[in-house]
Structures are given as C-alpha cells and as structure tokens.
Amino acid sequence: MIVDLKTGDEEGRALALERYGVLDTPEEPSFENVMDLVQQVMQVPLCGITLVDRDRLWFKSRRGMDMQEMPRKGTMSSAAIEQAEPFIVEDSHKDPRFCNNHTVIGDPHVRSYVGAPLRSPEGYNVGTLCVMDTISRTFPASHITILQNFAKVVMNELELRQVASSDHLTGTLSRRAWTERAELEIERSRRYKRPVSLAILDIDKFKLVNDTFGHSAGDLVIQGIADLCKKMIRKSDFCGRLGGEEFAIMMPETELNDAFTVTERIRATFENVLIDIGAKRPVSCTVSVGVAQRDTTEMDLAPFLNRADQALYQAKTTGRNRVESTAA
C-alpha cells in the first residue's frame, strides 16, 4: 500500500527520519547489496541511498562518491523529497534550479539524476534512492520502475532495522538501540554546542510486585510505565528499556530544569495510575528518577549516564518516588 505524501511538515519529516536511528551509522550489508544491484542494473557511475537531514544529505550507502555527506541546500535530492513520484533531471546544465549547485559545478559533477522517494509508512519522504551520471541522459521508463522497486526494498530494510531495535515487551528502544542513538545525540550536542539531558527511571519495589502477584503482573507494570513515558515525552525525545524495570529517556535540546519538569510530571502521573493486573483490585506503583544534563567536557555516553545513575541512587536512598538531578 502506497501512503499519500505528507507535505508542508518539515519538522515531522525530520523526526520521522530520526526515529529510524540510521543517521551516522556504519555500513550494513543489506544496504550495500542494494547499491551493488542498483549500479549493476541501472549502469550508472554514481548512486546513493540518500537520507535528507535538516541541513545535509547523508549517504547510508553510495557508489562513485568519496563524501559521506554534503550540504542539502539546492540539491536535487532535496527537491526530490517534495515529490510524490520519482524526480528526474536529464541535464542539470540546462536546468536553472541546479546549474549552479555545488554538486553540479563541483564533485561529484552530477549532470543527470533520478531520485525515487523513500517514503515512511506515515507518508514522509525521508530521503531518496538516487542514480546519477556525469553526462546528460534520458532514463527509460522501465529503469524508473526498477528504481522505485529498489526504493521499496530500502524502506523495508529500514523498517526491519527499526523493529529489530525495539524491546519486545514495551515497544520502546532496546538497550543496544537506545545506546546507539544516545551516542549519536551526544555527538550532535558536542558538534553544535546544544544542550541535551537524560533521565533514568526505575520502578520502586518492583521485586515485591513480582513476588506478590507474579511475573505476568510485573510485565503489566513495566508496560504501564513504558506507555506513559512514550505518551508524555516529545517526538524528538526517545525512551529505551535498559533492562528489567529500568528505563532511560534522552531529551535533545533540553536543559536540566526542563528535563526535571518533564520527568516530575511522569513520576506524579504514574503514582496515580491504577494498573489492572487481573487481581481482585488494580495495583499502583511509583518510580524514582535521576536526571542529568550533558557536561561540555563529556565526549561519550558513559560519564553522562553515570551521573544520571548517581542521581537515581540519590532518589532511591532519600525515600523513593522522587526525582533527583545532578548539575553538570
């Protein structure tokens, strides 16, 4: 089923791309295989799985190009994501939209281009599967159809990649997937000198729930806090299950006070949630939370996560059902 293209919502489109957690990741065989097939079938010197970020093009896979990314402005792929159908340029030198673009007058010297949109299930074009040549060229309709079919393969791989990164019980990110995205967010924070905060949440006295009502009841409690977190955080935030009854939320573009406010709202709401576990009466639980903002000296996740964990320990040892924070 082809979903209608959503236009005019650049922020929603950018967030749809970010949710795949694929930007700035290493090469993966499934995408490399697609590139080999595309280049072989289409007989082109240049091709790429091009993901269109807010201000750059980033290539998940590419052939014939040295650069991993380039500025987005004025590029053919940037124009292609605005289209419902494949975007075709037969001669960029004769096209006033692109004749002076850096990709035309400089490397990789794109003369002809076809970009098949990579459309998410929500209807956002997150990038293109594109083929390019350094000479003017007309692509036959049969080749355009083949490229569209390969674009569907790429989107299926992205969807499968996302499913594999989800925790089976809660639908939040798995520990590994959350960690990978968190490390990318720290790099973005460092590169652009932007704030980022994280919170670790732990269900209080969870062992007592399991011992009293059984593990199936414990699973329902875990699902309850996961559902609440997903509901109460922004689209740009992401939640992962670190293990057992412990969750982490990364909050880009967020300073400590705002992160504290968000997690305090989650804590206060969860305290009043009644969870139906199939017993004579529903149960209620609480969470303790530790919050930290990234210190500008922290280059990776470990010390950042450790400070949030220390704040969580403080919340646990000073009465539970509370939020504690640690300043950078």
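A salt bridge is counted here when a side-chain nitrogen of Lys or Arg lies within 4 Å of a carboxyl oxygen of Asp or Glu, and by this rule the count comes to 29 salt bridges. The views show a predicted model, in which local features need pLDDT of at least 70 and side-chain atom pairs count only at pLDDT 80 or more, while totals for chains, interfaces and linings use all residues. Residues are numbered from 1 along each chain as its sequence is written, and side-chain values use heavy atoms, with hydrogens and water left out.

View 1. R13 is buried, with a relative accessible area of 5%, whereas E10 is partly exposed at 32%. Buried means under 20% relative accessible area, exposed over 50%, and partly exposed in between, with a 1.4 Å probe and protein chains only.

**View 2. A salt bridge forms between E11 and R54**. Their closest N and O atoms are 2.8 Å apart. The pair links distant parts of the chain, as E11 sits in helix α1 and R54 in the loop between β1 (46–52) and β2 (56–63), 43 residues apart. E11 is partly exposed at 43% relative accessibility, and R54 is partly exposed at 35%.

**View 3. Five strands form an open sheet with mixed pairing**. The strand order is β8-β9-β7-β10-β11, and two strands pair if DSSP finds at least two bridges between them. The edge strands, each pairing on one side only, are β8 (238–243) and β11 (323–326). Strands β10 (residues 287–293) and β11 run parallel and are joined by four bridges, and V291 has S325 in β11 as its bridge partner.

**View 4. Helix α9 and helix α10 lie across strands of the sheet**. Helix α9 (residues 256–271) lies across β7 (196–203), β9 (246–252), β10 and β11, and runs at about 170° to β10. Helix α10 (residues 301–317) lies across β7, β9, β10 and β11, and runs at about 140° to β10. Contact means heavy atoms within 4.5 Å; axes are lines fitted to C-alpha atoms, for helices over the stretch in contact, and angles run from 0 to 180 degrees between N-to-C directions.

Conventions
Helix = DSSP H or I, 4+ residues; strand = E, 2+ residues; numbered from the N terminus.
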